[in-house]
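Look at the chain below and follow how its parts are joined.

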Amino acid sequence: MRKRKFGSAAAVAALTGVAILGLAPTASAETPGTCWDDYENAVSGYMSAYDKVNCDGYLGMAKGNDLNWGDNAGSFRGTDKNRASSLVNKGNYSEVKFFPGAGGDSNFYICLTRAEGFVRDLTDDYWLEDRTFGSVNNSIGSHRWVPRNACAFLAV
């Protein structure tokens, strides 16, 4: 019985020593970061989209407009359409206006401002703040850079 207690105590002491020396396992590349991390590391002048909440599952980034995320042109292509669940805006001068379909000119949209920086979870955002039209999550089909006064409906 004493051997077990000593063994357990020794194991705890050894692990504590390893942690104190800085030899404890650290976070791996598999550990997801946060949107704040992605925002801090984003390239200035670009917007980025992610497949999962909390800015995980990087889809791509864009400096200019991409009026069809489902085609084979622009920054977002093919299967990127209708997959974004979180976004980062590190634009220099403009806001990003997202639309549910191709073309970038629908009355239904949501904006991510430079002041917001990122939206970590689109599941609680709705096109035109209208729950009947549906969630923005997994339904972005295009985006356009616009001035701040073009945005009445913001991602939150």
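C35 and C55 form a disulfide, with their sulfur atoms 2.0 Å apart; a disulfide here is a pair of cysteine sulfur atoms within 2.5 Å. The pair links distant parts of the chain, as C35 lies in helix α2 (residues 35–41) and C55 in the loop between β1 and β2, 20 residues apart. Helices (H or I, at least four residues) and strands (E, at least two) are DSSP runs, numbered from the N terminus. The link of C35 and C55 is right-handed, with 100° about the S-S bond. C35 is buried at 3% relative accessibility, and C55 is buried at 6%; buried means under 20% relative accessible area, with a 1.4 Å probe and protein chains only.

This is a predicted model, in which local features need pLDDT of at least 70 and side-chain atom pairs count only at pLDDT 80 or more, while totals for chains, interfaces and linings use all residues. Residues are numbered from 1 along each chain as its sequence is written, and side-chain values use heavy atoms, leaving out hydrogens and water.

A disulfide also joins C111 to C151, S to S 2.2 Å. The torsion about this S-S bond is about -75°, so the disulfide is left-handed.

Now the sheet. Four strands form an open sheet in the order β2-β1-β3-β6, with antiparallel pairing; two strands pair if DSSP finds at least two bridges between them. β2 (56–62) and β6 (118–119) stand at the edges, each with a single partner strand, so one side of each has no neighbour in the sheet. Strand β1 (residues 47–52) pairs with β2 over 5 bridges, and M47 has A62 in β2 as its bridge partner.

Terms used:
Buried means under 20% relative accessible area, exposed over 50%, partly exposed in between (1.4 Å probe, protein chains only).
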